[in-house]
Structure formats: structure tokens, C-alpha cells
Amino acid sequence: MDLIIRNARVRGQQEPVEIAIDQGRISAVGTSPEPTASQEIDAAGSLVLPGFINLHLHADKSLLGEVMRPNLSGTLPEAIEITNEFKRSYDPKEVAERAGRVIAAGVKNGTTFFRLFADVGTIGGLRAARGLLLAREHFAELCDIEVVSFPQEGIARDPGAAELMEEAIREGCNVVGGLPWYEYTDADAREHIDICFDIAKRHDLDIHMLVDDTDDANSRSLEYLALKTMREDFYGRVTASHCGAMAGYNDVYAAKVIDMVATAGITISVNAHINLVCSARLDREPRRRGIARVKELLARGVNVISSQDDVNDPYYPFGKPDQLEVASMMAHTAQLTLPHELEQVVDMVTVNAAQAARLADYGVAPGARADLVVVGAPSVHEALRQQPLRSHVIRNGREIVRTTVNQELQGF
Ligand SMILES: [Zn+2]
């Protein structure tokens, strides 16, 4: 045995367990003491989760907040404008360095799988993608990274972007992105989605688009994405992020679209924290929250996840990045506070995200890959409440993060 984690708590089980790991995989999870191993970790009664998964992170833009002018309106269009100023002169090595600082911070917080969005278009060409591909190579031992070929300026709006998306895929990007709601007309949005499916089919890749990410309740890109997913037989291979317009859809239309999303097996990534900051900026009161109808999606059986999206960039000034913090934000925004709902928000940054990424060997169970995080709190509730530093992170059966902190009240 290579590694044993003792005195661990796992979800759905009362008694502490031992997790035995051999050759990068979990070989046993149980209450009977395992024999010794080359290395032992005492989880001290902490919850052990599979490594967090973040399926939506613009690592090419991350930390531009350190050098950018302020986003005075706080809106998405101004964020796009500010980013473009940098994008014109991106250097892949500089992109990789900024992305790397964020990836390293995410790994320390227990994230072992990232889906990074690389802006691909005529403004920045392939420079962002090349930067993120460099980062993927550099961090291969610490985490899995997918890189999305993402048309941030649109496809119809940015002639040449579709060709660059394919070029980025030939260079190593392995998910097809999309931004249909950003096109000028519904017809162009549909064409945008059609082009993304053509590319995905040609290269046999999954799709992750940013859809209906607008305060306009008449935005219709999610509806067409669901229809297209069914028609192209892409069930279970498509993720749609944001979908904030859903908050403004009328109830009858929302129910129809949610039903289509469920039927198509589309995952919805609700990145609550950024939409709280960026959406509904022009509202007086009451202000909309700008997030999808999470409880209605869950009730219909839709796979819902939540992702970090942005870390100190023109869109959002915060982000550690930490998927436990993201889960907590989600609990607040979607009002998921009952015990079973707290489990649901943790699912959104673990098992649901694994389903979206189609990871077959994910979890804390025999046979699963040993990518684990010793959270530092005994339960899901306490983990969300305390947001503790992660005690240990295990990757492929090897300890890659260990945290030691000593903080005491003095004089008591
Ligand atoms: Zn995004």
C-alpha cells in the first residue's frame, strides 16, 4: 500500500473510515484498520472529498485586476472592452505565468481538475490559448486541465474566429466553447451554435458555451442550444454556463426550456458570485440576482454545477480561487440552506462537475483515482460554514499539498 488516510469522514457514512491507496487508485474505504503503508495521513476526523472540479475559469484573464484600469460601470461589456486592451498584446508566456499563479492557488484549495477558457478570436489570435496550453503542460502532475477554444468576441461578429477556433483545437484545446447570446441577432446566435456543433463533431469534442448571460429576458440561446443538442445526439456532452436570462423568463417559458435542458442532458453551470456582481447593474430596485433558476433546475433533475469563472479580472475583483467558497456563494444566492441542499451545493463542485466532464473514475470509492482533499472540517455543513484551509491534497495517490497553521487565543 502506498498511502493510507486514517480517521477520515466520508459523505453518507457515520463512522470514520480509512482510505487505502495503491498505485494512484483507491483500493479500499472502510472501518477495519488497514495494514501499514509507505505513508500515512491522519485526517483527524475531517471530511475527505474527491478533488474539487472547476469547469469554468478564464485563466487567461485572471489577475489582470493587478494592472487594469477600473471597470467603472461594473458591466460585462466594459469588462470585455478592458480585456481587449490587454489581449492585443498578450504574450503566451505571460498568460501562462498569470494562469499558473491561479492554478497553484486552486490546487492548494483542493481543486484537481480545471476547465480553462481561452479567448480565441481576431483580437488576440491564438496567444491566450497557447498560454493556457503551456500552463497545462507545466501543471500536468498537479491537476488535470482542459482548455476550451472560446470565441469571446462571437463568431458572426468576429469573422475569422471560427477558423481560429479550429486552429486552437489542432494546437491542443480539447473543448469547444461558444458565446451565442453575444451575437447581434437571434439568427446569428443560432448560426453561432450550429458552427460550434460542426467543429465539435469534426473533432469529437464536448461543448461548453456561455448562454443567455444577459439581463435580457428575451435572450433565446439556451432554447436553441437544447434543441440542437437533441438533434445532433449530443446528450450529456454539452454544458451551458450562466443562463442568467432565465431569471427573467416568464414562468411558462422557463418551464419549457428547463424541460428541454433536462431532456437534452445539458449541464448548467451557475456561477453565482460573478453574476451577483455583474448582472442587473442597470436595475433600480428590486434588483434581480441574474442567476438561473437553480431550484427549478434541480427539481427537474438537471445536472447543476458551479464554477469560479473569474479571479481578480475586469469582470470580478475577488476569487481565491476556491471551489468551497464558490459552493458557499451558491448556497447563499440560490437559498440552498437545508441539510440536503448543502449536500447539493457540494455536489455542484464535485460529483455533478465530474458528470459534466464525463470522468468515469471519480469519487471516494474503491477503483477511483486517488485525487482527494482532506477538507479540514468534519462535515459538509462545517466545511461550508468554516471555509477551512485544506489540510491535505492528494493527486494520483501522492500528497501534493500539506497545510500547517498554528493560531491560538493568547491569555486564556
Ligand atoms: Zn465565464
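Buried here means under 20% relative accessible area, exposed over 50%, and partly exposed in between (1.4 Å probe, protein chains only). The views below come from a predicted model, where local features need pLDDT of at least 70, side-chain atom pairs count only at pLDDT 80 or more, and totals for chains, interfaces and linings use all residues. Residues are numbered from 1 along each chain as its sequence is written, and side-chain values use heavy atoms, with hydrogens and water left out.

**View 1. Strand β10 and its side chains.** Helices (H or I, at least four residues) and strands (E, at least two) are DSSP runs, numbered from the N terminus. Five of the five residues of β10 (residues 207–211) are buried, so this strand is largely enclosed by the rest of the structure. Look along β10 and you will find I207, M209 and V211 pointing one way, with H208 and L210 pointing the other way.

**View 2. The neighbours of β10.** Two strands pair if DSSP finds at least two bridges between them. With β9 (residues 175–178), β10 pairs in the parallel sense over three bridges, and here V176 stands opposite I207. With β11 (residues 238–242), β10 has parallel pairing over five bridges, and V211 stands opposite H242. Moving on, β11 and β12 (residues 267–269) run parallel and are joined by three bridges; I268 in β12 is the bridge partner of A240.

**View 3. Crossovers and a helix over the sheet.** A crossover is right-handed if, with the strands pointing away from the viewer, the path from the first strand over the helix to the second runs clockwise. One right-handed β-α-β unit is made by β9, helix α5 (residues 186–203) and β10. From β10 the chain crosses through helix α6 (residues 221–231) to β11, again as a right-handed β-α-β crossover. Helix α5 lies across β9, β10 and β11, running at about 175° to β9 (contact means heavy atoms within 4.5 Å; axes are lines fitted to C-alpha atoms, for helices over the stretch in contact, and angles run from 0 to 180 degrees between N-to-C directions).

View 4. Eight strands form an open sheet in the order β6-β7-β8-β9-β10-β11-β12-β13, with parallel pairing. At its edges stand β6 (52–57) and β13 (304–305), each with a single partner strand, so one side of each is left without a neighbour in the sheet.

**View 5. The zinc site.** H56 (NE2), H58 (NE2) and D309 (OD) coordinate the zinc ion at 2.0 to 2.4 Å. Donors are N, O and S atoms within 2.8 Å of the metal (3.2 Å for Na, K and Ca); water is not among the atoms, so sites may look incomplete. H56 is buried, with a relative accessible area of 0%.
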